[in-house]
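Hi everyone, thanks for coming.

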Amino acid sequence: MQSNILAICYLIGSVSFIIGLKMLSHPATARRGNMVSAAGMGIAILGTLFLYKPEGTSFHNYGWIAGAIVIGTVIGSISARKVKMTAMPEMVSIFNGMGGLCAALISIVEFGRIAQDHSDMHVLSILAGMVIGSVSFAGSMVAYGKLSGKIKDHTFPGQHIFNLVVLFAILATVALVIHGNGAAPLLIFYVILGLSICYGILFVMPIGGADMPVVISLLNSFTGIATACAGFLYHNQVMLTGGILVGSAGAILTILMCKAMNRSLKNVLIGSFGGTTASAGHAIGEQGAYKEISLSDAATVMKYAHKVIIVPGYGLAVAQAQHTCHELEKLLRDNGVEVKYAIHPVAGRMPGHMNVLLAEADVSYDDLLELEPSNEEFPTTDVVLILGANDVVNPAAENDPSSPIYGMPVLQVWKSKLVIVNKRSMRPGYAGIENGLFFRPNTSMLFGDAKAVLQQLVSEIKEL
């Protein structure tokens, strides 16, 4: 009877994951989707604690389990509430790394306990979970360090070949353990663990900063696969379902982001695009002089425009200016101006970064335009206001074959009548290359912190 109820709990959990993931596909239902998935996970956890009877016994360490759940819940809740939007990618990296570490720890615990008494498939599941989980953990920690600026890009001659050698050594050692029916000393197992951690570090270290969102998504997929391995090991349907969903969703998202950047995954992993230097492209100022626009002039053209499109970028997130931006939007609407937002798929530091940022300020989902609809609107737009975006509005993607971002779909803001670019300085963007948009005749620069500039624009428009 208890096993049947547990199966129902797992079924509810699995279905809730699927429904929640579906609801996450639209901003209007994303919050409820999170709650549905969390509820399903809660049911699966409670069912496991009170109904799961491993080998005819029951859990005896409820105090430790409850303590771990409480501690984890408190740390996670406080971290999620206090994290800044600019640090959200780093938080995703840490949480994803913890998932990989959990899968690796499960394999470490189970290898010595059951590896020699079970089939090759069980041994393979243990080793796969440990290898993939360790790579995900180590890689996610490096990604966190690079996103937070604590770790710089490090490469050495022949690094990619060395990485392949390490990967081959891991696979060969795993095959040796399986061929020996799992009857290998723990030393070999820990050698595999060490090689996996080493590979996770070396795998992410040379990848450029602008490619970190793709790497995070790929590592997230790895964590899902490692979790699915643990689910297979324990015959746990909800872990298996959740792991497969995370793994497949992460893989699909990785492919979509590569498509949005017009690059292959192989190019992302070995291309080292998006480093911290401006080695690619033209030197600053080589394309000519830029011109500035005053706050009063910018306020005037925006107030009397028919259509204004706002392009949010990482600069908006850094300044925490989303609420002020929404205030400007409402003020322009009160003056009869049509206002929309153009959202590039890889704007910010992670997929959906700008959508979440604007949703936090209660911006209507209907006003958020994706890439293609935005490009259809620009030719009939009077003013485009760019707030901290750089690489996603760079015309070099379309007209400079020598540019690292050539072929990447970008927002064609230059087709509008007037482009106003708000930046702190003329420094290149995250990809480290110059933006020729800044030197075009219909582009004017409005320097300053995004929040301060928007506040002054609001004041200027009110006084007109």
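Strands are DSSP runs of E with at least two residues, numbered from the N terminus. This is a predicted model, where local features need pLDDT of at least 70, side-chain atom pairs count only at pLDDT 80 or more, and totals for chains, interfaces and linings use all residues. Residues are numbered from 1 along each chain as its sequence is written, and side-chain values use heavy atoms, with hydrogens and water left out.

Now the sheet: 6 strands make an open, parallel sheet in the order 3-2-1-4-5-6. At its edges sit strand 3 (368-369) and strand 6 (443-447), each pairing on one side only. Pairing here requires that DSSP finds at least two bridges between two strands.

Let's stay with strand 4. Strand 1 (residues 307-312) runs parallel to strand 4 (residues 383-387), joined by 5 bridges, and P312 stands opposite L387. Strand 5 (residues 418-423) also pairs with strand 4 in the parallel sense, over 5 bridges; there, V421 is the bridge partner of I386.

So what covers the faces?

Definitions and conventions
Helices (H or I, at least four residues) and strands (E, at least two) are DSSP runs, numbered from the N terminus.
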